[in-house]
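This briefing goes through a protein model by topic. The sequence and the structure come first, and the notes follow.

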Amino acid sequence: MPLPVMNASYLPQLQAFERQILSNQTKIEAWFRSKWKEHKPPFYGSVDIRNAGYKMASIDMNLFPGGFNNLNPNFIQLASHAALDAVERACPQAKSVLIVPENHTRNTFYLQNVYALSNILRNAGFEVRLGSINPEITEPVELETALGDTVTLEPLQRTRGRVHLADGFSPCLILLNNDLSAGVPDILKDISQTVLPPLHGGWTTRRKTAHFSAYNDVAAEFAALVGMDEWQINPYFEQISGLNFQEREGEDALADAVERMLAKIQAKYDEKGITDQPFVIVKADAGTYGMGVMSVKSADEVRGLNRKNRNKMAKIKEGLEVSEVIVQEGIYTYETLHGAVSEPVVYMIDRFVVGGFFRVHEGRGADENLNATGMSFVPLNHAIPVAESDQNDECGRRVFEQWQELGVPQTKADDPDYGCNRLYVYGVMARLSLLAAAVELERTV
């Protein structure tokens, strides 16, 4: 698989950006190691990255990733090594894992994700079963996935502070692959088992603005470490609350925020000599699946939304009404695959990058949300490289050895393989967001 093609106009700026990261690789890896001693990483996560050449940054962090089926299956061993490390750190004596999935019994692609995630954990040596909180699941049911595999969902039960399945299967680790958009179910509250990610990481309480507030601190420290302008890796944002899109309540406050953000971006563009037109992304402060998202280049665009756009912004997953949004600096994506705009999505388990894919959309522009109907996924054919210093711990050593067995090149600052260098930089950007998520979860306990 070829790497995306970078727009030639922005390639020199991207090369300069990458050189700055690569020349500080040893320092960066030492910094990450020190940070993971201070902050416990989430069990897993995926990060959407936008690359404009002059700026590359995470724009979203998903604590309940649902696209493991889109990863290259050749690297399941890498993910399994990381999962083994993550499970052992959470429950040292664990021999099994109980996954609580989303209630999507008809979404066969999501079921394929559950199948892939289960395989990663089984390959790490754990017995894995699926405990559903879907009220429609009252007995074990076998469902077919998008690729013709099968998964078995069993109703989750609870007895004296522990959740279990009908035959008593009740491991110490409950792994959520359900983002709790509909709220935290009573069955999971105050149980004695370890629940990861924690319940307060679900969209019932989590806010994107809380994540990017933590990311502000992480990005500032990292930028100082490598000697770059923090703005190059950090999108501006504001939170606006008190909205009712259907009744047009809060419309003026939202328009004012958009106007402020556009002016702030324009000032930075003028400082950097960037000729692009600024834009912002308005999206629900809680929620996922690319719902409740719009791209805006003028405050007037949010003042008189038509009924279609009001309906689009008013509700998200589970039919929840949107009353809070994040107004986030838009970052152009100037990478294309086969002529279509693309963006990298990086997957991590514990503190390790385990793969990723490019989200590609033929019907969207460089300034639009790509997480929308019509998108496709192109898995990375090469693992995102790891620094040799990661071999200092056991899991890192195993991953490094696995890469050697698979013939995956290792990135060095002077590596002539330019694409390989790009993948390393993607991994750094993703881990910054993962670190911010760790800080965010600590702050919201």
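Asp190 is found in the loop between β10 and β11; helices (H or I, at least four residues) and strands (E, at least two) are DSSP runs, numbered from the N terminus. Asp190 has a positive phi of about 55 degrees, although this residue is not a glycine. The model is predicted: local features need pLDDT of at least 70, side-chain atom pairs count only at pLDDT 80 or more, and totals for chains, interfaces and linings use all residues. Residues are numbered from 1 along each chain as its sequence is written, and side-chain values use heavy atoms, with hydrogens and water left out.

**Confidence**

- The chain has a mean pLDDT of 88, and 88% of its residues reach 70 or more; pLDDT is the predictor's confidence in each residue, from 0 to 100.
- Over residues 385–393 pLDDT stays under 50, and the model has 25 contacts beyond four places in sequence for this stretch; contact means heavy atoms within 4.5 Å.
- Over residues 402–418 pLDDT also stays under 50, and here the model has 40 contacts beyond four places in sequence.

**The six-stranded sheet**

- Six strands form an open sheet with mixed pairing, in the order β6-β7-β5-β4-β10-β11; two strands pair if DSSP finds at least two bridges between them.
- The edge strands, β6 (141–144) and β11 (194–196), each pair on one side only.
- From one strand to the next the twist averages 35 degrees.
- Strands β4 (residues 96–101) and β10 (residues 173–177) run parallel and are joined by five bridges.
- In this pair, Ile99 stands opposite Leu175 in β10.
- Helix α4 lies across β4, β5 (127–132), β6, β7 (150–155) and β10, and runs at about 165 degrees to β4; axes are lines fitted to C-alpha atoms, for helices over the stretch in contact, and angles run from 0 to 180 degrees between N-to-C directions.

**The four-stranded sheet**

- Four strands form an open sheet with antiparallel pairing, in the order β12-β15-β13-β14.
- β12 (237–240) and β14 (293–296) stand at the edges with a single partner strand each, so one side of each has no neighbour in the sheet.
- The twist in this sheet averages 20 degrees from one strand to the next.
- Five bridges pair β13 (residues 280–284) with β15 (residues 325–329) in the antiparallel sense.
- Ala284 stands opposite Val325 in β15.
- Helix α6 (residues 251–272) packs on the sheet and touches β12, β13, β14 and β15, with its direction at about 175 degrees to that of β12.
- Helix α8 (residues 307–314) lies across β13 and β14, and runs at about 125 degrees to β14.

**Helix pairs**

- Two packed helices are described by the angle between their axes and the distance between the axes.
- Helix α3 (residues 76–90) packs with helix α4 (residues 108–123) at an angle of about 70 degrees, their axes being 8 Å apart.
- α3 and α4 are therefore roughly perpendicular to each other; angles under 35 degrees count as roughly parallel, over 145 as roughly antiparallel, 65 to 115 as roughly perpendicular and the rest as oblique.
- The crossing of α3 and α4 is right-handed; a crossing is left-handed if the near helix is turned anticlockwise from the far one by less than a right angle, and right-handed if clockwise.
- Ile76, Gln77, Ala79, Ser80, Ala83 and Val87 of α3 make the contact with Asn119, Ile120, Leu121 and Asn123 of α4.
- The residues of this contact divide into six nonpolar, four polar and no charged; Ala, Val, Leu, Ile, Met, Phe, Trp, Tyr, Cys and Pro count as nonpolar, Asp, Glu, Lys and Arg as charged, and the others, Gly among them, as polar.
- The axes of helix α2 (residues 25–38) and helix α5 (residues 208–226) come within 10 Å and cross at roughly 145 degrees, and this crossing is right-handed.
- In the contact, Lys27, Ile28, Trp31 and Lys35 of α2 meet Val218, Glu221, Phe222, Leu225 and Val226 of α5.
- The residues of the contact of α2 with α5 comprise six nonpolar, no polar and three charged.

**Backbone**

- Leu196 and Pro197 are joined by a cis peptide bond, with omega about -15 degrees.
- Pro197 lies in the loop between β11 and α5.
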